[in-house]
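Work through the following exercises with the sequence and the coordinates at hand, and compare each step with the solution below it.

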Amino acid sequence: LTAAIEKARTSRVGHAPDAGLASEHGFNLPVSTDVEWTDIPKAVLDPFDLDDARLVTASLDSRQAASLEILRTKLVRICRQNGWKRVAFVPTRTGCGATTLALNLAMTAAQKGDLRVMLADMDLVSPSIAHRLDISGAVPLREVLERVFPPERTLSRLGQNLILMTNEHPLGRAEIPALDVRIRSLLEHLQSRFRPDLLFLDLPPIFAGGDSAALLADVDAAFQ
């Protein structure tokens, strides 16, 4: 994974998704300039769904809760020490628990109150966060990338300090390379617009066709 990150970063030197690059490719994100963090619609989750999905709830086993707290503390400390903002969660295979870990760490970090966290479902071919949390209503990510809707229409808020970017409509794998600049511009927009302390990216399996590798150039650290 470390080698994949370095290779991706090397291939992107001089090719950051800035305004000039986006303009060159005929793409500029529509922006909702009046939308603030607390303006994002608040999602209401069913505690039973959280338990079934093995996510953070009041009934979480104390040993699991303690382990998550230790991991959260270490992650936040390392990110602050290094000035890191973007953290990717990259499974080695489907179903190994990376999305569960990303959701749990996002929730526990946001619950502390002194951190604002965003979690983006960037498994574009097999998105799962909306389904797991039973969140609906976000516009298709494809329509954001095609400039039909602003990125804010993909967002929902949990509590005061956690925003989720979800997508219920998978993209075809063949579509993704042509949308690379737009996808990276979307992430830049979310980070500059909302300024989260941590931006978590839930990525597809590292060996699932190169989708993860394309985004690893833009992250500071990764869980595998």
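**Exercise 1.** How many aromatic pairs does the structure hold?

*Solution.* This is a predicted model, in which local features need pLDDT of at least 70 and side-chain atom pairs count only at pLDDT 80 or more, while totals for chains, interfaces and linings use all residues. Residues are numbered from 1 along each chain as its sequence is written, and side-chain values use heavy atoms, with hydrogens and water left out. Rings of Phe, Tyr and Trp (its six-membered ring) pair if their centres lie within 6.5 Å, and planes under 30 degrees apart count as stacked, over 60 as edge-to-face and the rest as tilted. By this criterion the structure holds three aromatic pairs.

**Exercise 2.** Classify the pair of Trp37 and Phe194, and state where its two residues lie.

*Solution.* The ring centres of Trp37 and Phe194 are 6.3 Å apart and their planes stand at 75 degrees, so the pair is edge-to-face. Helices (H or I, at least four residues) and strands (E, at least two) are DSSP runs, numbered from the N terminus. Since Trp37 lies in the loop between α2 (19-24) and α3 (47-52), and Phe194 in helix α8 (residues 180-194), the pair ties together parts that are 157 residues apart in sequence. Both Trp37 and Phe194 are buried, where buried means under 20% relative accessible area, exposed over 50% and partly exposed in between (1.4 Å probe, protein chains only).

**Exercise 3.** Which parts does the pair of Phe89 and Phe223 tie together, and is each residue buried or partly exposed?

*Solution.* The pair of Phe89 and Phe223 is stacked, at 5.0 Å centre to centre with 5 degrees between the planes. Phe89 lies in strand β1 (residues 86-89) and Phe223 in strand β6 (residues 221-223), so parts that are 134 residues apart in sequence are tied together. Phe89 counts as buried because its relative accessibility is 0%, whereas Phe223, with a relative accessible area of 22%, is partly exposed. Ring pairs link Phe89, Phe200 and Phe223 into a cluster.

**Exercise 4.** Which strands pair with β4, and in what sense?

*Solution.* Two strands pair if DSSP finds at least two bridges between them. Strand β2 (residues 117-121) runs parallel to β4 and is joined to it by four bridges, with Met165 as the bridge partner of Ala120. Strand β3 (residues 155-158) pairs with β4 in the antiparallel sense, over four bridges, and here Ile163 is the bridge partner of Arg157.
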